[in-house]
Amino acid sequence: MNPVENITLRRTSTAQQVADGLSDAIMRGEMPPGAPIRESAIAASLGISRNTVREAVRMLEAGGLVRHTMHHGATVIDPSQDDLAELYRARMALELAAAAVPRTKGELAPVREALHDLMAAYETRDPAGIAEKDLAFHAAIVSLLGSKRIDEFYGQLARELRFFLVVLSVEDREFESQDSVIEEHTSIMAALESGDPERARAVLTTILTETGQRVAAIFANRTT
């Protein structure tokens, strides 16, 4: 028996399209933390089966944007202080590892390009766009490790953190107006381009620690 004879090749499934649409809505803050995912209502609105919606929700759950609890069904994640601390510990470890060796100008070109994209996004004052490009800059740093698996892991981590930052931006207008964003990232870029790993790691440690503390303080105010 041919082990692949029953595999059906297809374009993006309906479930994937629903998952992508719901993900975009969550990332834009249109579905707030803790909001229920009403599968029957979504299915009726889109004219599709509930099983298709359920499959889409499972995709979102695997991606960390939705949680399923007994007797309550699926809801948009409502991140905790512990979730935030864990995300920052993970990103710190990966980014410091990426900065541990000197990098050539060519290797750093994608990071420099990501910085330019962040600067352009910052001019829009759109919190979702800024958060996306901010994390893309840091993902470019992690990509210096040259591991697709680590890139995928960081991509998932960044996805959750992006949602976290968008939520805070929507709920706390002060967060999105931090004028230090460009200065911080320019400092990181300069440190990476200096060819001095100790300097690069020191700058990253300081900035990521301060950013984590700032976000944690805003989160603490949100929950009090």
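Visitor: Are helix 5 and helix 6 roughly parallel or roughly antiparallel to each other?

Guide: Let's start with the general idea: two packed helices are described by the angle between their axes and the distance between the axes. In this predicted model, the axes of helix 5 (residues 105-124) and helix 6 (residues 127-142) cross at roughly 170° and come within 8 Å. Angles over 145 degrees count as roughly antiparallel, so helix 5 and helix 6 are roughly antiparallel to each other.

Visitor: Which residues in helix 5 meet helix 6?

Guide: Helix 5 brings Pro110, Val111, Ala114, Leu115, Asp117, Leu118, Ala121 and Tyr122. On the helix 6 side they meet Gly129, Ile130, Lys133, Asp134, Ala136, Phe137, Ala140 and Ile141. Sorted by class, this contact has 12 nonpolar residues, three charged and one polar.

Visitor: Now a single residue, please. How exposed is Arg50?

Guide: Arg50 has a relative accessible area of 44%. You will find Arg50 in helix 3 (residues 50-62).

Visitor: What does Arg50 touch, not counting residues up to four places away in sequence?

Guide: Arg50 touches Glu39, Ser40 and Ala43. As for Arg38, 12 residues apart from Arg50 along the chain, the two C-alpha atoms are separated by 9.9 Å.

Visitor: Which element has the lowest mean pLDDT, and which the highest?

Guide: Helix 8 (residues 173-176) has the lowest, 46, while helix 5 has the highest, 94. Over residues 172-177 the pLDDT is below 50, and this stretch has 11 contacts in the model beyond near neighbours in sequence. For the protein, the mean pLDDT is 84, with 87% of its residues reaching 70 or more.

Methods:
Residues numbered from 1 in each chain as written. Predicted model: local features only at pLDDT ≥ 70, side-chain atom pairs only at ≥ 80, totals over all residues. Heavy atoms only, no water. Axes fitted to C-alpha atoms, helices over the stretch in contact; angles between N-to-C directions. Helix = DSSP H or I, 4+ residues; strand = E, 2+ residues; numbered from the N terminus. Parallel < 35°, antiparallel > 145°, perpendicular 65-115°, else oblique. Contact = heavy atoms within 4.5 Å. Nonpolar A, V, L, I, M, F, W, Y, C, P; charged D, E, K, R; others polar. Buried < 20%, exposed > 50% of the residue type's maximum accessible area, 1.4 Å probe, protein only. pLDDT = per-residue confidence, 0-100.
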